[in-house]
Protein chains: 2
Amino acid sequence: MRNTINIMKALADENRVRIVLALARGELCVCQITEMLELAPSTVSKHLSILKNAGLIKYRKDGRWIHYQLDESSKIPEVGSFLEWIIESLKDSEEVLNDFEKLKTIEKKSLSCVPNNKEER
Amino acid sequence: MRNTINIMKALADENRVRIVLALARGELCVCQITEMLELAPSTVSKHLSILKNAGLIKYRKDGRWIHYQLDESSKIPEVGSFLEWIIESLKDSEEVLNDFEKLKTIEKKSLSCVPNNKEER
DNA sequence: TCTATATTTCGCCACATAACGAAATATAAT
DNA sequence: ATTATATTTCGTTATGTGGCGAAATATAGA
């Protein structure tokens, strides 16, 4: 039950829900999430920490950049089916579609973490 | 999205999760829920109110008694599938099984709301 | 090494929340 | 009508939470 409560608590915040739905679209760097949410980097870092501790997301480092993705094969059994549920529930919601549009713009920008920007360096 | 966040917030509390799982077993009266949770009646009332406002439960009055049940055909679309998910996730958890045992004892007691007790009056 | 940048951690603050007891409300019994 | 009982609402308190800026940590570049 602790696992389930942790998942519920992790998702009891709109910004964290938005992060999860954005990650459902594909892996993102902290800086992209920060720009999408328009929050302080420290706030975003705290949100990501909560999601990670609930077993919902995982990360990989790439130099100074940290990329997060949904942990669909989490060692916590409930996570997989829960992510299916919430993504299905919200995939067409207005806020999520707005975030997707925003992410398209963010991905076009020359953020330092963007792969093609990196390759040109 | 508002609906989903409300559901997440409603379930971000262990006692409210326990209520939902107890109601999955069948309709209960406030007094039974209160005795199961071992909380003040006013606290239980507030928890039930939150669950009701999230669209997860509904009630019927029977004189002074109020019986609550899960609202599986809630007008909020996400509720049905969400309840399926959480019941499936927690049906075998220790805390929930303990509550079921407790409820068996409570149902044997002559609480004022118990139907056969009422019939004998 | 020093400087720059990305991210996390820490400390603080305003607001939210769960618990309780008291009061209010609703219903039944006498 | 008064008394009893079940439940809800209100007010208070202690604890939790989301946001921010500052400091710390991690990595890259000059």
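Let me start with a pairing in chain A of this predicted model, where strand E1 is joined by 2 bridges to strand E3, residues 65-70, and the two run antiparallel. As a general point, the strands of a sheet pair through backbone hydrogen bonds, and they may do so in parallel or antiparallel fashion.

If we widen the view to the whole sheet, we find 3 strands of chain A in an open arrangement, ordered E1-E3-E2, with antiparallel pairing. Strand E1, at 28-29, and strand E2, at 57-62, are the edges, and because each has a single partner strand, one side of each is left without a neighbour in the sheet. Across E1, E2 and E3 of chain A lies helix H2, residues 14-24, which runs at about 85° to E3(A).

Now to the chain that holds this sheet. Chain A has 7 helices and 3 strands in its secondary structure, and along the sequence these follow the pattern α-α-β-α-α-β-β-α-α-α. Its radius of gyration is 14 Å, close to the 14 Å that the globule rule gives for 121 residues, and chain A is therefore as compact as a globular protein of that length. Along the principal axes, the C-alpha atoms of chain A fill a box of roughly 50 × 30 × 25 Å. Of the contacts in chain A with a separation of 6 or more, 62% are between residues 24 or more positions apart. Buried residues account for 45% of the 121 residues, while the accessible surface of chain A is about 6,400 Å², with 46% of it belonging to carbon and sulfur atoms.

Which residues are buried in helix H1 of chain A, residues 2-10? They are A:Thr4, A:Ile5, A:Ile7, A:Met8 and A:Ala10. The cover over these buried residues of H1(A) comes from both chains, and includes H2, helix H4 (41-53) and helix H5 (78-90) of chain A, together with H1, helix H2 (14-24) and helix H5 (78-90) of chain B.

Is B:Thr4 buried or exposed? Its relative accessibility is 0%, and because buried means under 20%, B:Thr4 counts as buried. Leaving aside neighbours within four places in sequence, B:Thr4 is in contact with A:Trp85, A:Ile86, A:Ser89 and A:Leu90 from chain A, and also with B:Glu78.

How values were computed:
Residues numbered from 1 in each chain as written. Chains lettered and ligands numbered in written order. Predicted model: local features only at pLDDT ≥ 70, side-chain atom pairs only at ≥ 80, totals over all residues. Heavy atoms only, no water. Pairing = 2+ DSSP bridges. Helix = DSSP H or I, 4+ residues; strand = E, 2+ residues; numbered from the N terminus. Contact = heavy atoms within 4.5 Å. Axes fitted to C-alpha atoms, helices over the stretch in contact; angles between N-to-C directions. Buried < 20%, exposed > 50% of the residue type's maximum accessible area, 1.4 Å probe, protein only. Rg over C-alpha atoms; globule rule 2.2 N^0.38 Å. Areas by Shrake-Rupley, 256 points an atom, 1.4 Å probe, with all protein chains shown as cover.
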